[in-house]
Amino acid sequence: MGHSPELIRKLEDMAVTLRKDCLTEFEGSRAGHVGGTMSIVDLVTVLYFHHLKINPRDPDWPGRDRIILSKAHACEALYAALAEIGFISKEKLPTFYQLGSPLQGHADRWCTPGIEFSGGSLGEGLSHSLGVALAAFMEKTVYEPPSPRYPTYRALPKYRAYCILGDGECQEGQVWEAAMAASTYRLDNLIAIVDYNKYCIDGPVNDVIRMEPFADKWRAFGWWVAEVDGHSIGQLCDILDLAVNLYGDGRPKCIISHTVKGRGVPFWEERHTHSARGPEMEGGLKQAAGLYK
Amino acid sequence: MVSKNVRKELGAPEAVLAGVQRGIIEAASRNPKILAVMSDLGHPAIEWFRQNAPNRMVELGIAEGNASTACGGLASEGYIPTWYTLAFCLGRAYNQIRQCICVDRFNVKIFLASAGYFGAGGISHNYVEDIAAMRALPNMVIVNPADIVEAEKAISVIMDYFGPVYYRLEASPPPARIFENAYEFELGKATVVRDGGDATIVSTGFMVTRSIQAADLLRKEKIDAQAINMSTIKPIDEEIIVKAAKETGAIVTVENHSVVGGLGEAVATVIAENHLAPLSRVGLDDEFSQSGVITNEGIDQLGTHYHLMPEDIAVAVKKTVAKKR
């Protein structure tokens with residue numbers, strides 16, 4: 001545990017860069033899901049620039065970890081990361097939403113290198129991740145030699161599947177179908193991260209449909225659960241390391257990431273903005289122009 | 001002209017599921033990427049997988065939305081899931097089939113059983129709108145085999161085709177054997193199973209048997225009806241339909257499905273856009289189907305009730321022929 005202050009600072013700087021990239025996308029489209037995008041930027045930063053096994057030269061490298069963005073309306077954050085890695089050209093960022101752009105309104109596997117899952121219809125990403133995680137065990141298994149911690153050979157997955165879920169999305173019954181199946185198959189290479197930004201379109205998520213006790217629900221479905229501050233780079237690094245190190249316990253992992261909708265632009269934070277256009281977008285962009293010079 | 005390897009006489013009835021089973025076993029034996037995905041309703045080749053490839057079986061229980069989406073996930077990693085469940089569950093997983101299979105053209109083979117109006121299940125289980133729903137999906141291919149031979153031959157073809165396929169299995173009585181063993185199934189190509197110049201009956205699945213029986217009845221009344229087996233409903237064989245419209249001038253479609261959105265509408269569209277000819281559709285008349293007893297007598301009772309017997313098809317053909325100018 002514990003990561004160097006240099007690393008944390010580097011990642012915090014990258015998070016600022018990604019927020020700027022997201023704003024570039026919004027400036028091009030003058031519309032977008034600003035709230036849920038800005039709330040996952042820190043998580044996306046830690047995943048892509050610290051935690052995940054990826055090959056910056058090959059978005060399709062077979063050994064890569066899979067990121068499945070179930071809340072695919074927040075694809076702007078992913079596009080920003082993919083642009084910074086170099087999977088897509090940064091010049092494409094302002095073309096977000098435009099006809100023929102590789103940056104579609106919801107993440108699209110065929111249009112954008114590095115996107116694993118075409119989402120947009122909520123509640124389905126965890127089931128897709130279930131299939132992806134199962135596939136890792138289908139063929140030739142790689143075995144880790146015995147160690148003091150694990151005295152017998154243990155099977156290693158070829159990759160891990162990370163599924164980013166929205167909180168309101170967990171009102172979809174299918175999320176829990178997938179949760180049941182994942183624990184039945186003891187898929188400890190599956191890590192779900194819920195972006196718990198507390199708001200959905202019609203209001204506070206727990207007023208719309210009560211999610212709490214949320215962590216207990218996941219535990220009851222047979223998952224290992226942890227809660228973190230989703231804007232603390234250090235906490236995110238630590239908890240992801242822990243989730244991976246627990247591999248072999250036969251439990252899928254759920255990280256509940258407490259976040260603020262619209263994080264980084266107070267104009268959107270105060271309004272709990274979901275998707276913005278018109279004055280809602282312009283107000284946020286205007287303020288952001290002052291904040292992110 | 002009658003297509004190659006069509007029997008002159010209808011053979012004994014045989015359940016198509018045995019052909020499907022043989023087809024999947026043959027394909028899964030040569031291709032280790034083929035998986036069996038189940039939703040608590042078993043799988044046509046369950047015993048083979050159990051004995052030969054238990055790690056290629058995925059049971060996902062009574063949760064069709066999850067199962068269909070997980071099939072997409074497995075396919076994204078290069079596998080070919082064969083998902084088996086009941087046709088009425090299609091509605092339950094429709095958004096998932098669209099978003100998580102068709103959008104990315106994932107190589108998933110969907111086997112839905114008990115489609116059509118037969119069965120003891122009643123309205124909930126006798127699913128008569130599956131073709132309409134699947135036809136609307138871009139990238140989806142729909143196959144409905146007419147007999148046991150075609151059922152088996154079609155499997156290896158759809159396994160070699162890359163993309164989503166809906167393989168329709170009906171809750172019908174076993175259809176008669178229509179093809180010789182040497183028959184070769186071609187995706188997107190219909191077959192002429194009876195020759196005739198006065199009218200054309202286009203049908204699919206079990207109803208091909210009844211259409212041939214109808215053509216035989218009509219011959220006694222000096223009406224020569226051609227019978228076409230449209231085993232690939234999507235993409236539909238436009239060429240054979242236009243040719244039939246030009247040569248016989250009257251078309252009757254027959255399907256074990258609602259007349260809304262099914263084979264009839266698909267054929268009607270081709271005719272409307274290419275070569276107009278009088279057309280009638282035989283099928284469930286925009287209604288649900290009640291349950292029937294699964295005996296020969298019960299099945300005929302249901303068929304008579306919904307006007308789907310060979311005699312009903314013959315009446316439709318005569319009416320359509322009368323409209324020819």
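Good morning. K198(A) sits in the loop between β6 (190-196) and β7 (199-200) of chain A, where helices (H or I, at least four residues) and strands (E, at least two) are DSSP runs, numbered from the N terminus. This is a predicted model, in which local features need pLDDT of at least 70, side-chain atom pairs count only at pLDDT 80 or more, and totals for chains, interfaces and linings use all residues. Residues are numbered from 1 along each chain as its sequence is written, while chains are lettered from A and ligands numbered from 1 in the order in which they are written.

Let me stay with K198(A). Its phi is positive, about 75°, although K198(A) is not a glycine. Most residues other than glycine have a negative phi, and most peptide bonds are trans. K198(A) counts as partly exposed because it has 18 C-beta neighbours inside 10 Å. On this scale a residue is buried if 20 or more other C-beta atoms lie within 10 Å of its own, exposed if 12 or fewer, and partly exposed in between, with C-beta atoms placed from the backbone.

Chain B has a residue of this kind in S114(B), which is not a glycine and has a phi near 65°. S114(B) belongs to strand β4 (residues 109-115) of chain B. Is S114(B) buried or exposed? S114(B) is buried, because 21 other C-beta atoms lie within 10 Å.

I turn to the peptide bonds. In chain A, the bond from E212(A) to P213(A) is cis, with omega near 0°. P213(A) is located in the loop between α7 (205-208) and α8 (214-220) of chain A. In chain B, K234(B) and P235(B) are joined by a cis peptide bond, with omega about 0°. P235(B) falls in the loop between β10 and α9 (238-248) of chain B.

Next, chain A as a whole. Its secondary structure comes to 11 helices and 11 strands. The C-alpha trace of chain A spans about 60 × 45 × 40 Å along its principal axes. Its radius of gyration of 18 Å agrees with a compact globule, because a globule of 293 residues would have a value near 19 Å. That radius is taken over C-alpha atoms, and the globule rule is 2.2 Å times the number of residues to the power 0.38. Of the 293 residues of chain A, 49% count as buried. Among contacts in chain A between residues at least 6 apart in sequence, those joining residues at least 24 apart make up 74%; two residues are in contact if their C-beta atoms, placed from the backbone, lie within 7 Å.

One residue of chain A illustrates such packing. F87(A) is in the loop between α4 (75-85) and α5 (125-135) of chain A. Which residues does F87(A) touch, not counting residues up to four places away in sequence? They are P59(A), L82(A), P113(A) and G114(A). F87(A) is buried, because 22 other C-beta atoms lie within 10 Å. From F87(A) to G125(A) there are 38 residues in sequence and 22 Å in space, C-alpha to C-alpha.

Chain B is the next topic. Chain B contains 12 helices and 12 strands. Its C-alpha trace spans about 60 × 35 × 35 Å along the principal axes. The radius of gyration of chain B, 19 Å, agrees with a compact globule, because 325 residues would give a value near 20 Å. Of the 325 residues of chain B, 57% count as buried.

In chain B, 7 strands form an open sheet with mixed pairing, in the order β2-β1-β3-β4-β6-β5-β10; strands pair if DSSP finds at least two bridges between them. At its edges are β2 (57-59) and β10 (232-234) of chain B, each pairing on one side only. Strand β1 (residues 34-38) and strand β3 (residues 80-86) of chain B run parallel and are joined by 5 bridges. Here A36(B) stands opposite T82(B) in β3(B). Helix α1 (residues 16-30) of chain B lies across β1, β3 and β6 (165-170) of chain B, running at about 150° to β6(B). For such angles, axes are lines fitted to C-alpha atoms, for helices over the stretch in contact, and angles run from 0 to 180 degrees between N-to-C directions.

Finally, the interface. How many residues does the contact take from chain A and from chain B? The contact takes 20 residues from chain A and 22 residues from chain B. On the side of chain A that touches chain B, the largest share, 8 residues, comes from α5(A). Thank you.
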